[in-house]
Amino acid sequence: MMRPRKPSNQELRTRKDLLLAASRLMKQGRTPTMDEVAAEALVSRATAYRHFPKIEALLVEAPLDAAVADPRTLFADDPSDDVEERVDRAEASLHEMIYQNEAQLRILLANSIRRDLTDDSIPARQNRRLPLIEAALAPARARLPEADYERLCAALALVFGVESMIVFRDVLGVDSDTARTVKSWAVRALVRAALQDSTSIAAE
């Protein structure tokens, strides 16, 4: 099976620029058109439509993009090298945003699922969780071999994000506080296991 093409940094930047442009225009108290968003983002109308085939999808996602904590801001006052605590803090910030914007995020997820799976010409979604995870893991980055680091990031990405909310809400039928307790335990356990594994390998 062929792997989906990984979007380029330029493609991700363009998508981010469109989201930021839409957010700026919406803060002016109006509903922008795709032409207006494209002009604000300094891209062509065709480029805007490649990333967001419908203006409605862009307008749903733009406020959510702005609501996600900036990793630099989140850890600006945190000199700690306690990686478990940092990862838990990152997940807590995303958890709060997700449960506060559940209805919009369900629409965003539905739009993502309905995309043509054979079309990998543009990124399907903005990757908001990985920058948070990487910022949280920064103090331990040098301690983890590359493969172990990527595996830990991937495992944490399963816990972070809207998909885990769907599991807790729809499959397990548990509330936000219970979900947060379980996720806190899970992310700490994953980080602890990864760091213990790296320590054991280094001692051999």
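Colleague: Leaving aside its neighbours within four places in sequence, which residues is Arg 89 in contact with?

Modeller: This model is predicted: local features need pLDDT of at least 70, side-chain atom pairs count only at pLDDT 80 or more, and totals for chains, interfaces and linings use all residues. Residues are numbered from 1 along each chain as its sequence is written, and side-chain values use heavy atoms, with hydrogens and water left out. Contact means heavy atoms within 4.5 Å. With neighbours within four places set aside, the partners of Arg 89 are Leu 74, Phe 75, Asp 77 and Asp 78.

Colleague: Is Arg 89 buried, partly exposed or exposed?

Modeller: Arg 89 is found in helix H6. Buried means under 20% relative accessible area and exposed means over 50%, with partly exposed in between (1.4 Å probe, protein chains only). The relative accessible area of Arg 89 is 30%, so this residue is partly exposed.

Colleague: How many helices does the chain have?

Modeller: Helices are DSSP runs of H or I with at least four residues, strands are runs of E with at least two, and both are numbered from the N terminus. There are zero strands in the chain. The helix count is 11.

Colleague: Which residues touch the most other members of the largest nonpolar core?

Modeller: A nonpolar core is a set of buried Ala, Val, Leu, Ile, Met, Phe, Trp, Tyr and Cys residues joined through side-chain atoms within 4.5 Å. The largest one holds 37 residues. Touching the most other members are Val 87, Leu 137, Leu 156 and Phe 160.

Colleague: How many residues are in the second, separate core?

Modeller: Among its members are Leu 18, Ala 48, Ile 55 and Ala 62. The residue count of this second core is 15.

Colleague: Is H1 roughly parallel or roughly perpendicular to H4?

Modeller: Axes are lines fitted to C-alpha atoms, for helices over the stretch in contact, and angles run from 0 to 180 degrees between N-to-C directions. The axes of H1 and H4 come within 8 Å and cross at roughly 90°. Under 35 degrees counts as roughly parallel, over 145 as roughly antiparallel, 65 to 115 as roughly perpendicular and the rest as oblique. H1 and H4 are therefore roughly perpendicular.

Colleague: How many residues in the contact of H1 with H4 are nonpolar?

Modeller: Ala, Val, Leu, Ile, Met, Phe, Trp, Tyr, Cys and Pro count as nonpolar, Asp, Glu, Lys and Arg as charged, and the others, Gly among them, as polar. The H1 side includes Arg 15 and Leu 18, and the H4 side includes Leu 58 and Ala 62. One residue is polar and four are charged. The nonpolar count is 10.

Colleague: What is phi of Leu 42?

Modeller: Most residues other than glycine have a negative phi. Leu 42 lies in the loop between H2 and H3 (45-51). At 77% relative accessibility, Leu 42 counts as exposed. Its phi is positive, near 65°.
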